[in-house]
Structures are given as C-alpha cells and as structure tokens.
Amino acid sequence: MNNIDNNKKLFCIFCNKTANKTKKLIVGLSGNICTQCVIFCYDTLKKNNYLNQKKTNLNRITSPYIIKKHLDKYIIGQEKAKKIFSVSVYNHYKKLKYIKENQNNNIELEKSNLLLLGPTGSGKTLLAKTLAKYLNVPFAIADATTLTQAGYVGEDVETILQKLIENSDYNIEKAEQGIIYIDEIDKIAKKTENLSITRDVSGEGVQQSLLKIIEGTIATVPPKGNRKHPQQDLWKINTSNILFICGGAFCNIEKIISKRIQNKSNVGFHTSLIKNKKNKKKYKKNKKIQPQDLIQFGLIPEFVGRFPIIATFKKLTQKNLVDILSQPKNSLIKQYQTLFSLDNIQLEFDNEALIEIAKQAILKNTGARGLRAILESILLNTMYDMPMLKNIKKVHIDASVIINKTAPKLIFSE
C-alpha cells in the first residue's frame, strides 16, 4: 500500500482513476487497483457466495446433556426449560444431518419449532442467542410488534428472512440451517375485545402470514430495503429446515389456565376449586399450559399447531439474580471488572451489595434486564471521574452504596 503523491502516471486499471484522485493505490507488477475497487470486488464475491464460509458444525450436536452443560455456563436457573430446549434442538439438527446423509430415504422427519413462555428478563432471548453461537449457525431476531401484513405500512414477514440471509453472509445454504427468534409473539394475539371494523393487520393477519414460512416453503426474499417487483432479482430460500423459536411474556395467561382447571373441577358436587390442601396440591400440579389456553389468549389454532414444543420460564428469584450478576461466563460483574482493568483499576463488590442490587431489580419487575441499568447508575459518577484521577488502585462497593446511594469507596496506591 503506497501513500499517494501527485503522480498522475499511476492509475487504477479497473476505474482508470489516477493516483491523485484516490486515497490509496495498491501497486502491482502488471497493474494497479484503488481501494474503492477492492471493496467493490469483495462485496461482489460476498454476495455471490464465492468467499469461504464457515459451515454449520453439525458434529458438535453430540447430546442434549452437552448442549445443556454449555447453556449452564451462561444461563442461571430455568433447568426444565433448558432441558426441553436442549432435547428439541438436538433432535432438529440430528434431523438435518439425517436428511443430508440419507437423501433417498422415504421417511420424512418433521421439524419441531419451540414456543417459549415466561416473564420479561427471564432468559428467553439469551437462551436462543447462546445456542446459535455455540452451534455456529446464522441467527436472526425479529420483533413481532413491528410486523404487518403484506401491503401495509411496516415490515413484512420476509424481512425476518432478509436478516437471516444477511447474518449468514448471503450464503443461502447456510441460512437454511439457521435459527430465527421472534420475540413479543404474544403481542400479535387476536384482539377479541376490539369491536372496530378495521382489519387487525398487526395481529391475526401477521399470524396468517407467518404460517407458511414457519411450516416450510420456498420463500422469495428481496434484497434489503427493496420491495418486490417483477424485474427484480430475488433470493429464494427454503424455510423447511430453519428452526423457528417464538417467545413472549403472555401476561395474565395464568387466569385462563386457572379458569380452565376450575371449570374442569366444578362438576357434580364440586362447587369450588380449592377446598383443602389436597385440592391446592392438585391445582399446582395441573397448572400446565395447554394449546387451548394459547388459543383462548388470542393465537389462532393453525399458529399454535406449528409449535408442538412449549417451554415455560419461571420468574427469577433473588438468588437467581445474585448468581446472574457474578456466576455466568460473561456475567455483568465480570464485564465491568474488565472495563475497569483497562485503566489498571480493580473493581470489587461485597456479597451484600449484590443482594441489594437483586432486590432493586425485583422491585422494578424487569428481571435480569434491570441489573445493567442499576449497575450503570451506581458506577456512573465513578466511571466519569476515573480517567481524570491518578493512582486509583481499587474501587470497592458495599451494601451502603446501593441502599444510601453513596459514592463507592476509592482506594489509592501509595
């Protein structure tokens, strides 16, 4: 790479720009090329899948036990959900491997998409992200609240496939083995109480639009930022082997479950659900979500039928939140400690301080998502002043910093 002087004899053999009209020029034995043309060539090869891409490592799918063991490093609690998730993903990619090795087999294995239910900040999105990274498969996240039916203002369902193709470096074959996570799926439930005559373009209509791509179809996807038109080149992607995971909080669905169980119990001489301790135990034991509960919540039956596997996430306890702060491989405490170490400063928290942070997160009812906001508010002034102060050796945070909102203790070197 040569610095450009005012030398008009050197020029790019692709665009004929002279050396004084381009920032950098790569000089070769038989010709020269400018950096703009290098970038153009790279983008062209990338879009046409000529660059070497990392393949999905299906050999890493050894067993559900090993998958769960990896998830345990990053996700605290939710043992039942992680077990269901691990088995489902293991069976899905085992199916892909079977199809690849036995293309002439008459037995067709159907895929099993997942539906994750749980309060906000309980780890639904993190679970899907962690797994996609572990398997080295393309991963795309979409927010169901931004989707609308085709022809209306908003994002079409094809934009989800656009994101997946982009995240797979435009390698269609790799994208067809990816994972798509659709968040806030409960927000597109039918608004049965809405008496308006206008169409529910972001509710039932979106569910109808998602049916085909979730079950499996050859979808035509326009490049990002473009609408479909007859003269446009379109990507074609088979969604049959894409694993779809939907997540949502489904607030107040427990009332629907309670009503179903109560109606089942109030037969004959039974006049109430909970009469004694035995009935209470029975109530808790049977308090499991069923497809009819999701349909009554507002999801259409066809949509519910495409998600045979349902994993329920529990609300995080105080102990879970304390563990989330410090135990995972990329925990928040470890992240902030790394940031402070870049300035040669040691950051430490008392266990009592972690408990108080967890208590505040529970009061805010935001789950694990609220932990970062609390830490930011605690460390804001310290991080603001830290670069200007000299000889700081350690920053110590105890329970009084969180309770009384005092400044962290600064320990200076001699």
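In this predicted model, five strands form an open sheet in the order S5-S6-S9-S4-S10, and their pairing is parallel. Strand S5 (139-143) and strand S10 (309-312) are the edge strands, each pairing on one side only. From one strand to the next, the twist averages 20°. Within the sheet, strand S6 (residues 179-183) pairs with strand S9 (residues 243-248) in the parallel sense over four bridges; Ile182 has Cys246 in S9 as its bridge partner. Helix H3 (residues 79-101) lies across S4 (114-117), S6, S9 and S10, and runs at about 150° to S10.

In soluble globular proteins, nonpolar side chains tend to be buried together. The largest nonpolar core of the model has 42 residues, and those with the most contacts inside it are Ile182, Ile185, Leu210, Ile237, Leu294 and Phe303. Helix H7 (residues 204-215) supplies the largest share of this core, five residues. Not counting residues up to four places away in sequence, Ile185 touches Leu115, Ala144, Leu210, Cys246, Gly247, Gly248, Phe250, Leu299 and Phe303. Another core, of 29 residues, lies apart from the largest one and includes Ile324, Leu354, Ile357 and Ala361.

Ile324 also takes part in a contact between two helices, where Ile324, Leu325 and Ser326 in H12 meet Leu332, Ile333 and Lys334 in H13. By class, this contact has four nonpolar residues, one polar and one charged. The axes of helix H12 (residues 318-326) and helix H13 (residues 332-341) come within 4 Å and cross at roughly 30°. Because angles under 35 degrees count as roughly parallel, H12 is described as roughly parallel to H13.

Note on methods. Residues numbered from 1 in each chain as written. Predicted model: local features only at pLDDT ≥ 70, side-chain atom pairs only at ≥ 80, totals over all residues. Heavy atoms only, no water. Axes fitted to C-alpha atoms, helices over the stretch in contact; angles between N-to-C directions. Parallel < 35°, antiparallel > 145°, perpendicular 65-115°, else oblique. Contact = heavy atoms within 4.5 Å. Nonpolar A, V, L, I, M, F, W, Y, C, P; charged D, E, K, R; others polar. Core = buried A, V, L, I, M, F, W, Y, C linked by side-chain atoms within 4.5 Å. Buried < 20%, exposed > 50% of the residue type's maximum accessible area, 1.4 Å probe, protein only. Pairing = 2+ DSSP bridges.
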